[in-house]
Amino acid sequence: MKRTTEIITIDSIDKIPSLEEIRKIPRTQTLKIIFQNSVQSQRESIGENLKKELQGFQIGIHHLNPEINIAKLITDQEIEEHQLFFENCAKDYRELGKKLIFGLAEQLKVTIDSDCPWITFNQYLRNNKQTGKFKEWRYFFHGFHCGFENKETGQMIEVPLVFSLEFGDLDPYFFTNFIKSTSDYKPLSVKIYEDHADGKQINDKMLSLGKFERINSNFGNHFGIVVRDREKVEIKEYKPEESGKKRKFNFWKFIGIKI
């Protein structure tokens, strides 16, 4: 799903399109504003102001090139009109994720810790065995997820591992990638251009519509988003002291990250 790009080169601030003009940009087009030397020093402040004024747009202030890139995100109206589609996508994500992670556990001959599956699979991160094959899928353990990519269809899904036996957490970027890579959904009835930003718009609107809801994870100060219409799963907070650990638990040290 590619967009066309309108490029404007400016040598004075008054040549920047007005907010009203920018708001009229269709989602099929992006705007690139290139700043010449005379106005380069004002690029960042202008970009930050555009972020404040243009809700529903992605404003990219380039760190190296003298430019600002502007793209209109998926709208609330589009999401509301396609809420049933996004709800069904979330249900499909949840079911496929559960099927894949339990199938992989069977292949690896491990029993998934029902309180915190990440504890079960963390050994593969620590022993440099992150990647492998499961049937027609390639899998890859990383962070809080196990990613799967279908070698035949190209479908991609990231299965969350820190919500007990709830595998339907909808990270904005991962959710839109799942939608865009699923052949059964093509052609998409609504365009998704900005994977993370559009995904966040979708999640936020579906939350406000009551179709999605927030859930806590196994670890404090971390939450997820799942479809509301589902069989509820109890999510337990991970407490290492209940596993017989005496020392104060440092989660980041536990996963091998020095802070």
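This is a predicted model: local features need pLDDT of at least 70, side-chain atom pairs count only at pLDDT 80 or more; totals for chains, interfaces and linings use all residues.
Which residue just after helix 5 takes a positive phi?

1. Let's settle the opening question. The residue is Asn128, whose phi is positive at about 55°, and its place is just after helix 5.

2. Stay with helix 5 for a moment, which covers residues 117–126. Its buried residues are Pro117, Trp118, Thr120, Phe121, Asn122 and Tyr124. As you look along it, keep in mind that an α-helix has 3.6 residues a turn, so residues three or four places apart point the same way.

3. Now for the aromatic rings. The count of aromatic pairs comes to 16. One of them joins Tyr93 and Phe175: the ring centres are 6.2 Å apart and the planes stand at 80°, so this pair is edge-to-face. It also links distant parts of the chain, since Tyr93 belongs to helix 4 (residues 83–108) and Phe175 to helix 6 (residues 172–181), 82 residues apart. Both Tyr93 and Phe175 are buried.

4. Phe178 and Tyr185 also make an edge-to-face pair, because their planes are at 80°, with ring centres 6.0 Å apart. Phe178 is buried, at a relative accessible area of 1%. Tyr185 has 12% relative accessibility and counts as buried because the cut-off is under 20%.

Notes. Residues are numbered from 1 along each chain as its sequence is written. Side-chain values use heavy atoms; hydrogens and water are left out. Buried means under 20% relative accessible area, exposed over 50%, partly exposed in between (1.4 Å probe, protein chains only). Helices (H or I, at least four residues) and strands (E, at least two) are DSSP runs, numbered from the N terminus. Rings of Phe, Tyr and Trp (its six-membered ring) pair if their centres lie within 6.5 Å; planes under 30 degrees apart count as stacked, over 60 as edge-to-face and the rest as tilted.
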